[in-house]
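Subject: Handover of a structure and notes on what it contains

Dear colleague,

Please find the structure below, together with its sequence. My notes follow it, and I would be grateful if you read them with the model open beside you.

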Amino acid sequence: MRIISANLNGIRSAANKGFFEWLAKQDADVVALQELKAQEADLSQQMKTPEGLKGFFHYANKKGYSGVGLYCRREPDRVITGLGIADIDFEGRYLQADFGNLSVISLYLPSGSSSDERQQVKFSFLERFRPHLEQLAASGREVVLLGDWNIAHNEIDLKNWKGNLKNSGFLPEERSWLGKLFSELNFVDIWRKLYPEIPGYTWWSNRGQAYAKDVGWRIDYHITTPGIAATAQSAVVYKDEKFSDHAPLIVDYDYQVN
């Protein structure tokens, strides 16, 4: 089972940069998208149903902002749009597809880098999202949480960690919150499980040739329950083409849906 996570920083922009031509060659079973920056009326037929895949979307109410999606090869048994928390769902940040005993989730956590106010929104999101993660961990289902978490967990996860200790995305409170998902809820960070010593950056600032110099952050994740984590065979950050300021994260699992 091949599962891909990709923050597109605008689905229309990514389409113009060849994302869908690339996707057609990936033979993916599920693709999680973040930052659609579009509404339903903005999507072409190719964006709604790429070759062999069916699209499901959670749009933000605000135009040109946020939004998540899932492309599924197999028809889901159930699709859950949003968390049922009005202000979070207003921003289009959560979409879940269930297949048998497997739940695949596209997730886009808020960024706090633009202002103190947005950082408080981010902290509020983390606090209110934790009980939902506890429910998922206790559900008995296999869960794959995909997407842009806007948090680099440890020093290996960003190039310039010393210069970012007081910046959003690497604050002690954020890193602790993420760490507790692994230590207390037994979720598994797939990239770090497979490659303990490879940074695996997935996002690069548009400033100062960060991409060319690989001065990046690892903020896009596959985070899963232990059962399916044990079947993860390989992971790749795809950088041969650039569709966005993020790179797609591809993981192959030796997993069969019941």
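Two strands are said to pair when DSSP finds at least two bridges between them. With that in mind, S5 stands opposite A32 in β2. Please note also that this is a predicted model.

Why is β2 described as largely enclosed by the rest of the structure? The reason is that 5 of the 5 residues of β2 are buried, and a residue counts as buried when its relative accessible area is under 20%. V30, A32 and Q34 point one way from the strand, while V31 and L33 point the other way, and all are buried.

The nonpolar cores

In soluble globular proteins, nonpolar side chains tend to be buried together. The largest nonpolar core of this model has 32 residues. Those that touch the most other members are L70, F99, L102, V104, V144, I190 and Y253. Taking V144 as an example, and not counting residues up to four places away in sequence, its contacts are I3, L102, S103, V104, I105, H222, I223, T224, I228 and Y253. Apart from this core lies another, of 24 residues, with I11, A38, Y59 and Y238 among them.

Helix α5

Helix α5 (residues 116-138) has 23 residues. From its first C-alpha to its last it reaches 34 Å, close to the 33 Å expected at 1.5 Å a residue. Where does α5 bend? It bends by about 30° at F129, and a proline, P131, follows within four residues. Just after α5, G140 takes a positive phi of about 85°.

The buried residues of α5 are R118, Q119, K122, F125, L126, F129, R130, H132, L133 and L136. The elements that cover them include α4 (86-89), β6 (94-99), β7 (102-108), β8 (142-148) and α6 (172-183).

R128 also lies in α5, but this residue is partly exposed, with a relative accessible area of 30%. Leaving aside neighbours within four places in sequence, R128 is in contact with I85, D87 and I88. R128 and I85 are 43 residues apart along the chain, and their C-alpha atoms are separated by 8.8 Å.

Three further residues

Is R192 buried or exposed? At 16% relative accessibility, R192 counts as buried, because the cut-off for that label is under 20%. Leaving aside neighbours within four places in sequence, R192 is in contact with I156, D157, E197, I198, P199 and R218.

K37 has a positive phi of about 55° although it is not a glycine. K37 is found in the loop between β2 (30-34) and α3 (45-48). With 27% relative accessibility, K37 counts as partly exposed.

S66 has a positive phi of about 50°, and it is not a glycine either. S66 is placed in the loop between β3 (54-58) and β4 (68-72). At 2% relative accessibility, S66 counts as buried.

With kind regards,

A colleague

Terms used:
Residues are numbered from 1 along each chain as its sequence is written. This is a predicted model: local features need pLDDT of at least 70, side-chain atom pairs count only at pLDDT 80 or more; totals for chains, interfaces and linings use all residues. Side-chain values use heavy atoms; hydrogens and water are left out. A nonpolar core is a set of buried Ala, Val, Leu, Ile, Met, Phe, Trp, Tyr and Cys residues joined through side-chain atoms within 4.5 Å. Buried means under 20% relative accessible area, exposed over 50%, partly exposed in between (1.4 Å probe, protein chains only). Contact means heavy atoms within 4.5 Å. Helices (H or I, at least four residues) and strands (E, at least two) are DSSP runs, numbered from the N terminus. The expected span of a helix is 1.5 Å times one less than its number of residues. The bend at a residue is the angle between axes fitted to the seven residues ending there and the seven starting there.
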